[in-house]
Amino acid sequence: MIKILIVEDEKPIADLLDMSLTAAGYSCDCLSSGTAAADAVGERRYDLILLDVMLPGIDGFELMEYIAPLEIPVIFITARDAVKDKIKGLKLGADDYIVKPFEIAELLARVATVLRRYHKTESRIVVGDVTVDTQSRVVTRDGKPVPLTAKEYALLLLFLQNKNIALFRETIYERVWESDYMGDSRTVDLHVQRLRKKLGWQERITAVYKVGYRLEVKE
């Protein structure tokens with residue numbers, strides 16, 4: 001399982017990150033100071049670090065200088081939105097820089113992108129009787145191949161990366177079709193209906209009133 005370290009001293013934000021990432025299938029540790037994080041990365045293996053800048057003890061920029069030689073992917077998550085801060089964070093070796101407040105769906109997408117870049121994604125995802133091999137892009141149900149179009153496969157991955165999280169239709173469209181949402185939900189609804197039918201997920205992919213859809217997975 002992918003292991004993520006969250007270094008954030010604002011407990012509500014740390015709890016939100018922990019809950020969302022855990023629901024998406026990651027294992028998380030949460031620490032509230034740079035000093036504690038420095039000790040943790042020296043003792044345990046992490047696949048990714050989500051790092052605030054303004055921390056008690058050692059701040060995020062100082063901690064990044066310590067982390068960089070360890071070659072652990074890092075995403076800064078901070079309220080510091082000045083261009084000079086973004087440039088500094090990226091020059092120190094961070095893989096991404098997200099400014100608070102942020103959308104959880106966007107955060108999860110960026111986390112998945114960084115993990116793919118380092119080949120740290122799970123190659124086999126199992127939900128009930130459905131198995132997804134992300135390396136071969138083969139999807140099976142009860143051991144039998146399920147033929148999916150490119151968009152249906154992309155939609156499936158989006159749901160798997162955001163398990164138990166309600167996704168707006170516009171978010172789904174922009175992530176899967178990689179273009180701006182123009183307000184017509186029929187394309188999204190049609191693809192969701194087809195995916196439900198092919199996977200037998202009529203009860204698992206639920207409609208969320210005035211929002212969109214959610215993939216419900218009991219851990």
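**A residue and its surroundings**

Modeller: Thr131 is buried, with a relative accessible area of 17% (buried means under 20%, exposed over 50%, and partly exposed in between, with a 1.4 Å probe and protein chains only). This is a predicted model, in which local features need pLDDT of at least 70 and side-chain atom pairs count only at pLDDT 80 or more, while totals for chains, interfaces and linings use all residues. Residues are numbered from 1 along each chain as its sequence is written, and side-chain values use heavy atoms, with hydrogens and water left out.

Thr131 lies in strand β7, residues 130-133. Helices (H or I, at least four residues) and strands (E, at least two) are DSSP runs numbered from the N terminus. Apart from neighbours within four places in sequence, Thr131 is in contact with Arg124, Ile125, Val126, Val138, Val139 and Thr140, where contact means heavy atoms within 4.5 Å.

Strand β8, residues 138-141, runs antiparallel to β7 and is joined to β7 by four bridges; two strands pair if DSSP finds at least two bridges between them. Asp133 has Val138 in β8 as its bridge partner. The hairpin of β7 and β8 has four residues between the strands, and Arg137 there takes a positive phi near 60 degrees.

On from there, β8 pairs in the antiparallel sense with strand β9, residues 144-145, over two bridges. Thr140 stands opposite Pro145 in β9. This second hairpin, of β8 and β9, has two residues between its strands, and Asp142 in the turn has a positive phi of about 55 degrees.

Elsewhere there is an open sheet of five strands in parallel pairing, with the order β2-β1-β3-β4-β5. β2 (27-31) and β5 (96-99) are the edges; each has a single partner strand, so one side of each is left without a neighbour in the sheet. On average, neighbouring strands of this sheet are turned by 20 degrees against each other, direction ignored. Axes are lines fitted to C-alpha atoms, for helices over the stretch in contact, and angles run from 0 to 180 degrees between N-to-C directions.

Phe76 stands opposite Tyr97 in β5. Helix α4 (residues 83-91) packs on the sheet and touches β4 and β5, its direction making about 150 degrees with that of β5. Thr78 stands opposite Val99 in β5. The chain passes from β4 through α4 to β5 in a right-handed β-α-β crossover: with the strands pointing away from the viewer, the path from the first strand over the helix to the second runs clockwise.

Gly34 belongs to helix α2, residues 34-43, and counts as buried at 0% relative accessibility. Its C-alpha atom is separated by 6.6 Å from that of Gly60, 26 residues apart along the chain. Leaving aside neighbours within four places in sequence, Gly34 is in contact with Leu55, Pro56, Ile58 and Leu63.

Last, helix α6 (residues 150-161) packs with helix α8 (residues 186-199) at an angle of about 80 degrees, the axes being 10 Å apart. This makes α6 roughly perpendicular to α8 (65 to 115 degrees; under 35 is roughly parallel, over 145 roughly antiparallel, and the rest oblique).
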